[in-house]
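Please brief me on this model. Keep it short and group the points by topic.

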Amino acid sequence: MKTRIPELRRQQKLSQEELAKAVGVTRQTITSLEVGKYTASLVLAHKIALYFNLTIEEVFLFDEEEKS
Amino acid sequence: MKKISFEKRLRLRLQVNIACMILSAILFAIVLWNKDFAFLQPMYSASLFGLFFASLALFIRNKKLKMDPEKMRTMELLETDERNVLIIRVSYTIFTYVSFGILYISMLISGFFSTTVFYTLETLLCANLVLVLFIRKMVEKIY
């Protein structure tokens, strides 16, 4: 799944480590999310979206294949 | 499912570590004094030594963690991180299937040499399968 996490992090000048600490996961999880190797749980997706003051759909980009 | 706090989990681990150390010491004493099992002494001694020192090492590690809140938080994060949890779950699932495969192949090969070993491994395999099914049903009830 594609995410806007790297872009949002850059905008807020935030490191992976800082974001990881804020949402209670490891840096490796953030890396995996960013490269699309791992799909976040609903709870984590909610925490990340909340951190950036956005909705889940605005942070995590569901493509057509995943929707069906 | 009810969540146990990391501090409580750590306390529980320390208790298990102590129990394992005591158990290995008692069993070691029994093995040492029981002359009927003399032929098994080296094997049992090495195994019990291993259990004792592994428990001791884990006890020291857990005790250090308990005394350092920063380290405890880091460890908690590593253990509760959802990706790490997924990795562990997938690894254990693969390990279970591979173990079954190894056990099944060992059972087939053992048949050429010893029927006793063959039946022992066959029983073990069947018992494991029943156990896996039972555990699965239990976990299904939890979630």
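Of the 68 residues of chain A, 18% count as buried (20 or more other C-beta atoms within 10 Å of a residue's own, with C-beta atoms placed from the backbone). This is a predicted model, where local features need pLDDT of at least 70, side-chain atom pairs count only at pLDDT 80 or more, and totals for chains, interfaces and linings use all residues. Residues are numbered from 1 along each chain as its sequence is written, while chains are lettered from A and ligands numbered from 1 in the order in which they are written.

**Chain A: fold and dimensions**
- Chain A has six helices and two strands (DSSP runs: H or I of at least four residues for helices, E of at least two for strands, numbered from the N terminus).
- Their order from the N terminus is β-α-α-α-α-α-β-α.
- The radius of gyration of chain A is 11 Å, which agrees with the value near 11 Å for a compact globule of 68 residues (taken over C-alpha atoms; the rule is 2.2 Å times the number of residues to the power 0.38).
- Along the principal axes, the C-alpha atoms of chain A fill a box of roughly 35 × 20 × 20 Å.
- Of the contacts in chain A between residues at least 6 apart in sequence, 53% join residues at least 24 apart (contact: C-beta atoms, placed from the backbone, within 7 Å).

**Chain B: domains**
- Chain B is assigned domain 1 (1-80) and domain 2 (82-143), with bounds from an automatic or database domain assignment.
- The C-alpha centres of these two domains of chain B lie 25 Å apart.

**Interface**
- Six residues of chain B are in contact with nine residues of chain A.
- On the chain B side, helix 3 (69-80) and helix 4 (82-110) each supply at least two residues.
- Helix 4 of chain B gives the largest share, three residues.

Note on methods
Buried ≥ 20, exposed ≤ 12 C-beta atoms within 10 Å, placed from the backbone. Contact = placed C-beta atoms within 7 Å.
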